[in-house]
Amino acid sequence: MANPTAAMLVIGDEILSGRTRDANMYFLAGELTNRGIDLQEVRIVSDDATAIETAVLALSQAHDHVFTSGGIGPTHDDITADCIARAFGVHVDVRDDARALLEAHYESTGKELNEARLRMARIPDGAALIDNPVSIAPGFTLNNVHVMAGVPSVFQAMVASVLSNLQGGQPLLSQTLRVLRGEGDIAAPLSALAKKYEDLSIGCYPFQHNGVYGANVVVRGTDGGRIEHALTELAKELQL
């Protein structure tokens with residue numbers, strides 16, 4: 001049986017402007033790989049309602065799971081909850097269970113649960129809360145879309161909360177063969193290998209170091225034995 005598939009939607013003008021470097025995709029890809037969920041697509045959109053709604057619907061229809069990051073904080077440009085609700089045609093408002101979490105948290109810290117902070121308790125109807133042990137304000141899951149914060153420490157905690165409830169498949173394994181030859185010199189053997197091992201993903205990633213050209217050949221799949229056989233065959237073909 002094929003592994004479940006996933007997509008990620010990164011939301012935020014700060015990512016597209018280059019002001020902030022996204023770290024969440026790298027983290028999510030590794031966690032999904034270990035869980036046996038295949039991350040097949042990543043999109044980055046601005047803080048634009050139409051762009052968010054269009055993207056989340058398209059990704060939701062194409063994949064088993066969608067993970068979003070960004071846009072669920074207390075400021076005016078945090079519009080993700082509203083966009084997700086509109087995309088699926090449901091109402092969104094402050095919800096009692098989310099409010100209770102925030103009330104307890106801010107009471108314990110001596111801070112006011114003001115109107116801005118209360119925005120983080122706005123949850124679409126029918127959504128399940130995603131636990132946030134770092135800063136309490138929850139994310140949520142609606143249908144197959146998991147909506148999480150953009151702050152890396154919070155995002156990572158929320159991913160752990162979500163993945164604990166998801167059924168994965170076979171973890172994706174990989175091995176690398178470092179070849180000190182240019183891509184053009186190994187292209188033909190790689191092509192033949194890819195045709196023979198169609199169940200594996202074979203990638204070639206060139207590098208140049210101190211004037212020496214080479215490539216890292218990465219073979220990925222769910223069968224460790226097949227990966228080992230493919231790399232052994234390639235090494236023999238290239239006389240390594």
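A salt bridge here means a side-chain nitrogen of Lys or Arg within 4 Å of a carboxyl oxygen of Asp or Glu. By that rule, the structure holds 7 salt bridges. Keep in mind that this is a predicted model, where local features need pLDDT of at least 70, side-chain atom pairs count only at pLDDT 80 or more, and totals for chains, interfaces and linings use all residues. Residues are numbered from 1 along each chain as its sequence is written, and side-chain values use heavy atoms, with hydrogens and water left out.

**Salt bridges**

| Pair | Closest N to O |
|---|---|
| Arg122 and Asp82 | 2.9 Å |
| Glu233 and Lys196 | 3.0 Å |

Two terms come up from here on. Helices (H or I, at least four residues) and strands (E, at least two) are DSSP runs, numbered from the N terminus. Buried means under 20% relative accessible area, exposed means over 50%, and partly exposed is in between (1.4 Å probe, protein chains only).

Take Arg122 and Asp82, which form a salt bridge. Arg122 sits in strand 5 (residues 122-124) and Asp82 in helix 4 (residues 80-88), so the pair ties together parts that are 40 residues apart in sequence. Both Arg122 and Asp82 are buried.

Arg99 and Glu103 are 4 residues apart in helix 5 (residues 96-109), which puts about one helical turn between them. As background, an α-helix has 3.6 residues a turn, so residues three or four places apart point the same way. Arg99 is partly exposed at 31% relative accessible area, and Glu103 is partly exposed at 38%.

Glu233 pairs up with Lys196. That pair links distant parts of the chain, with Glu233 in helix 9 and Lys196 in helix 8, 37 residues apart. Glu233 is partly exposed at 30% relative accessibility, while Lys196 is exposed at 52%.

**Helix 9**

(The expected span is 1.5 Å times one less than the number of residues.) Its buried residues are Ile227, Ala230, Leu231, Leu234 and Ala235. Looking down the axis, the buried residues fall within an arc of 130 degrees, so they line one face of the helix; the arc is that of the directions from the helix axis to the C-beta atoms. On the other side, His229, Lys236 and Glu237 are exposed. The buried residues pack against strand 9 (173-179), helix 8 (183-196) and strand 11 (212-221), where contact means heavy atoms within 4.5 Å.

After helix 9 comes Gln239, with a positive phi near 55 degrees. Asn143 also has a positive phi near 55 degrees; Asn143 is in the loop between strand 7 (139-142) and strand 8 (145-148).

**Cores**

A nonpolar core is a set of buried Ala, Val, Leu, Ile, Met, Phe, Trp, Tyr and Cys residues joined through side-chain atoms within 4.5 Å. Which residues touch the most other members of the largest nonpolar core? Phe67, Phe140 and Met148 do, out of 45 residues. Apart from that core lies another, of 16 residues, including Val179 and Leu234.
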